[in-house]
2 protein chains.
Amino acid sequence: MKNIIVASTSTLFGGDYLEYLLEDLEELYKDVNDILFIPYARPDGISHDLYTEKVGVAFKRIGKSVKGIHEFKHPKEAIKNCHAIFVGGGNTFVLVNELQTNNLIEPIKTAISTGVPYLGTSAGSNICGISMQTTNDMPIVYPTSFDTLGLIPFNINPHYLDIDPKNKHMGESRETRIKEFHHFNNQTVIGLREGSFLRVNGDIIMLKGPHSARIFRPDKTPYELKTNHILKVSNERF
Amino acid sequence: MKNIIVASTSTLFGGDYLEYLLEDLEELYKDVNDILFIPYARPDGISHDLYTEKVGVAFKRIGKSVKGIHEFKHPKEAIKNCHAIFVGGGNTFVLVNELQTNNLIEPIKTAISTGVPYLGTSAGSNICGISMQTTNDMPIVYPTSFDTLGLIPFNINPHYLDIDPKNKHMGESRETRIKEFHHFNNQTVIGLREGSFLRVNGDIIMLKGPHSARIFRPDKTPYELKTNHILKVSNERF
């Protein structure tokens, strides 16, 4: 049974890394002591080692140990043998490209389908969707496909930003970008504001955190989904 | 001899479409009456027809007529026979994908190298660079490559946004994204603020408009280039 947290961000303004999520992570990872960390997204170009170290410090606060997948000779085996997974944020193109290069997409899907708990933040959440095509990141490397894990039957837009009526900048708003996405793609998109996350237990998906989420469906007016609301996927026609 | 304007945006806040550029467009297009418009980037998903109509209205103010490339049966021939080109903004992935599908990359490069005047705004400016990999757009379609026209020996980041010290949003700043780009790529990136544009005459490239531009080179501290400054490419080691 799937056991997943899909978080918009790792860090809230003024908070420590993963701090706001720790209580929920204790629950997600309650049956495991060690977590396999996938540092491929490399925020700010940070090395795999330094990124893993940072994650280790955060998880120490709830008594979990962390090992980076780059420390294993055979990353596929590492996935097969792990008890829990965390995929951190950074650049989604770099993350997906590295997962493809190491042939890890299918092994991760298999692990999660057999109940291995998974946390994704930002880029690590983007890849939970059907495709990475609603990422905010720059295409700094060229992956062999935009398809991702499809753990949830829609796409995520993390760090979702509302339209600011005072903004004089003429770049497209997030809402406009997602509308453009729907000219070429059919899947629902969930705009997850910072502090929001989805808690997935099997087929039950619940929105958690202080905010509502913005739901975009092709040819429909976007609407808000309240927090602590369960998305009954089959009923909601995602 | 190349004769190009590479503009950050088509429209300034509160202004009409292309209005702030009209004087410079009169100069760019002084020897031609009719402009071939490439509407492929489809901002907000607008149709090719409606986009072309909008562009026609703007160019009528300086006495030029506009025809959309989609109105031609053979787009490659249309490029070969045209007297001037304008590629408008929208989604860079959609634009590049459509240029590739219609095999137009090489014909456009050839036309421009023989002196056909070219205006690009936003997505139409991104494609003037070596690659589209410093676009701000969402990857809503999958192009066969990220390589672009290479009319200028660097990459463009249009709608460049400075870091806002008051911002509490935890998504990456533009500067961070470009720094991440340089972990995987070597080319210089020019952050063009809205209202800025590059005027290319042969090998001479001059920054125009009210703002300075921000120059990013791998492993260097970013710096500002003043407006009305000529980039002597060979001397500046782009």
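**Entry 1: the interface**

I began with the contacts between the chains: 48 residues of chain B touch 47 residues of chain A. I note here that this is a predicted model.

Next I looked up the buried area. Chain B and chain A bury about 4000 Å² between them. Carbon and sulfur atoms account for 61% of that area. I then asked which residues of chain B lose the most area to chain A. They are Met138(B), Tyr142(B) and Met170(B). Together these three make up 18% of what the chain B side buries.

**Entry 2: charges and polar pairs**

How many salt bridges are there between chain B and chain A? I find four. I looked at the one that joins Lys179(A) to Asp44(B). Its closest N and O atoms are 3.7 Å apart, and the cut-off for a salt bridge is 4 Å.

I also checked polar contacts across the interface. There are 16 residue pairs, with both residues at pLDDT 80 or more.

Then I turned to the helices on the chain B side. Both α4 (92-101) and α7 (174-181) of chain B supply at least two residues each to the side that touches chain A. The largest share comes from α7(B), with seven residues. By class, I have 19 nonpolar, 19 polar and 10 charged residues on this side of chain B.

**Entry 3: the largest pocket**

I moved on to the pockets. The largest has a volume of about 1600 Å³. Its lining counts 48 residues. Which of them are closest to its centre? I noted Asn167(A), His169(A), Gly171(A), Glu172(A) and Leu161(B).

I find α7 (174-181) of chain A, along with α2 (48-60) and α7 of chain B, each giving at least two residues. The largest share, four residues, comes from α7(A). I sorted the lining of the largest pocket by class and got 12 nonpolar, 21 polar and 15 charged residues.

**Entry 4: the second largest pocket**

The second largest pocket holds about 450 Å³ of space. I count 18 lining residues. Closest to its centre are Ser10(A), Pro43(A), Lys54(A), Met170(B) and Glu172(B).

Technical notes. Residues are numbered from 1 along each chain as its sequence is written. Chains are lettered from A and ligands numbered from 1 in the order in which they are written. This is a predicted model: local features need pLDDT of at least 70, side-chain atom pairs count only at pLDDT 80 or more; totals for chains, interfaces and linings use all residues. Side-chain values use heavy atoms; hydrogens and water are left out. Contact means heavy atoms within 4.5 Å. Buried area is the accessible area (1.4 Å probe) that two parts lose on being put together, summed over both. A salt bridge is a side-chain nitrogen of Lys or Arg within 4 Å of a carboxyl oxygen of Asp or Glu. A polar contact is a pair of N or O atoms within 3.5 Å; within protein, one must be able to donate a hydrogen and the other to accept it, and residues adjacent in sequence count only if both atoms are side-chain atoms. Ala, Val, Leu, Ile, Met, Phe, Trp, Tyr, Cys and Pro count as nonpolar, Asp, Glu, Lys and Arg as charged, and the others, Gly among them, as polar. On a 1 Å grid over the protein atoms alone, a cavity is a set of points where a 1.4 Å probe fits but cannot get out, and a pocket is an open set with protein on both sides within 12 Å along at least five of seven lines; lining residues have an atom within 4 Å of a point. Grid points are joined across faces, edges and corners, and a volume is the space filled by probe spheres set on the points.
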